[in-house]
Amino acid sequence: MKALIVDDEKSIRDILGMMLEEFNFEIKEAESVEESLKILENHDYDLILLDLRLPDGSGMEILRKVREKRLNTEVIIITAFASSETAKEAIKLGAFDYVAKPFDISELRLIFRNVKKKIELEKKIEEYEDTYRNFIGRSPKIKRIKEFIKKIAPYDTNVLITGESGTGKEVVARTIHKLSHRKTAPFIAINCASLPSELLESELFGYKKGAFTGATRNKKGLIEEANGGTLFLDEIGDMPLPLQAKLLRFLEEKKIRPIGGIEEKEVDVRIIAATNSNLEEKISEGLFREDLFYRLSTITINLPPLRERREDIPLLIEYFAKKLSKKYGKRFKFISPDFINYVVSLPLKGNVRELRNLVEKAIILSDKNILSLPTAGEEKKPHREIIIPDEGVNLKEILENLEKEYLLKALEKTGGKKKEAASLLGLTFRELRYRLSKYKLS
């Protein structure tokens, strides 16, 4: 955990630094508003200890900047100029605590102990949520895949993930890794289509010094780098046949021999492979080894394209909007129903990857607090097709989403004026307020 101490008195910074080191914090110091803001531009901190009176301004300016960026950072105000007004403002802006100088050492230790517990708890929650966060969806197909992943993740069996480009195969692989006993060991990914055969072999198996021209030192391969963890082989269908034979031998013996090496090394690694190709067709064409296919596909997961789970698209839009708005320092109160409808109606041949790019483009070009189509009339909205998959749909959820879209559209049209929005929708103000509260839109 990292802490930033902002105080213009070196003796105070030294005391606070020694105390925080007792709680295993890494310390960085600053003595002005300007210096602090420069540090925070490039680095995130779990905790900031902040003096209010600084040579070039107020510490409240730093607190406001931290909150504007929505940094997941705890802030403790420590000042000799305590007042109820500044204390209230600091707490309102999300400060963890407010301590007056001269401070009581034992009291401060208790505060540090409590804030450390909170930070650790939040990190655990974030880690747990991260396991599933990128694998977004409530459609029946995605629910079944999530349950299947939970079942197979604890076992060391090889997994083959199939699906179109952009469906999230690496996300699934990382989820499997995080739910396995290997989660604290490395997860290493390589795209087998991105490198020529010779380079791919040296990347996977490593080489000894002098093995070929340019091999001036020993180099570990990615299989060995992933020892104890998981190796994700993306686009396995594009791996050259000679290298397929070498990979098969490793899967059978769990041993590798670097290029130019004599001795073999035992390596404990789980292999998860992925492809957007039809490997059975490649086998019939003589482009992929059948024995390797059966080794890799002990467990197979097929990811559906977005066109087969369109009900997940609004969730994905919301997820990427939150994630990317932080990246670009923007804040959105609403996502325009027009934008959601437009994206839902697209073919989305690039699947989740294409959807992410659309959201990113809208965020960059938007200059309001509403995420909408980049420019009026820039895109022509295709006809929105009603699709009912074989497993059926959740009509209640669809109607709720539609109601939310109309609520947001009315608020967008009236600039957030609720009485006017209620009138547009033929609702009383109380009915509108109830619906906004129901969907947590207010």
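Biologist: Let's start with Glu235: does it count as buried or exposed?

Modeller: Glu235 counts as buried, because its relative accessibility is 11%. Buried is under 20% relative accessible area, exposed is over 50%, and partly exposed is in between, using a 1.4 Å probe and protein chains only. Before we go on: this is a predicted model, so local features need pLDDT of at least 70 and side-chain atom pairs count only at pLDDT 80 or more, while totals for chains, interfaces and linings use all residues. Residues are numbered from 1 along each chain as its sequence is written, and side-chain values use heavy atoms, with hydrogens and water left out.

Biologist: Good. Where does Glu235 lie, and what's its phi?

Modeller: Glu235 is in the loop between S12 and helix H10 (241–253). Its phi is positive, about 50°, although Glu235 is not a glycine. Most residues other than glycine have a negative phi. By the way, helices (H or I, at least four residues) and strands (E, at least two) are DSSP runs, numbered from the N terminus.

Biologist: What about Asn24, what's the phi there?

Modeller: Asn24 has a positive phi of about 65°, and it isn't a glycine either. Asn24 is in the loop between H1 and S2, and it counts as exposed because its relative accessible area is 57%.

Biologist: Which residues does the cis peptide bond join?

Modeller: Lys101 and Pro102, with omega about -5°. Pro102 is in the loop between S7 and H5.

Biologist: Back to S12. How many of its residues are buried?

Modeller: 5 of the 5 residues of S12 (230–234) are buried, so the strand is largely enclosed by the rest of the structure. On one side you have Thr230, Phe232 and Asp234, on the other Leu231 and Leu233, and both faces are covered.

Biologist: Which strand does S12 pair with over 5 bridges?

Modeller: S9 (187–191), in the parallel sense; there, Ile190 stands opposite Leu233. S12 also pairs in the parallel sense with S15 (270–275), over 4 bridges, where Phe232 has Ile272 as its bridge partner. Two strands pair if DSSP finds at least two bridges between them.

Biologist: Changing topic: what's the strand order in the 5-stranded open sheet?

Modeller: S2-S1-S3-S6-S7, with parallel pairing. S2 (26–30) and S7 (97–100) are at the edges with a single partner strand each, so one side of each is left without a neighbour in the sheet. The twist averages 20° from one strand to the next. Angles run from 0 to 180 degrees between N-to-C directions, and axes are lines fitted to C-alpha atoms, for helices over the stretch in contact.

Biologist: Which strands does H1 lie across?

Modeller: H1 (10–22) lies across S1, S2, S3 and S6 (74–79), at about 165° to S2. H3 (59–68) lies across S1, S3 and S6, at about 160° to S3. Contact here means heavy atoms within 4.5 Å.

Biologist: And Asp51, what does it touch?

Modeller: Leaving out residues up to four places away in sequence, Asp51 touches Val6, Asp7, Asp8, Gly59, Ile78, Thr79 and Lys101. Asp51 is in the loop between S3 and S4 (53–54), and at 5% relative accessibility it counts as buried.

Biologist: Now helices. At what angle do H13 and H14 cross?

Modeller: The axes of H13 (313–327) and H14 (337–345) cross at roughly 120° and come within 10 Å. H13 and H14 are therefore oblique to each other. For reference, under 35 degrees counts as roughly parallel, over 145 as roughly antiparallel, 65 to 115 as roughly perpendicular and the rest as oblique.

Biologist: Which residues make that contact?

Modeller: From H13, Ile313, Pro314 and Ile317; from H14, Phe339, Ile340, Val343 and Val344.

Biologist: How many residues of H14 are buried?

Modeller: 8 of the 9, so H14 is largely enclosed by the rest of the structure. Its buried residues are covered by elements including H13, S17 (334–335), H15 (351–365), S18 (370–371) and H16 (395–413).

Biologist: Last one: how many helices and strands are there in the protein chain?

Modeller: 18 helices and 18 strands. Of the chain's 442 residues, 43% count as buried.
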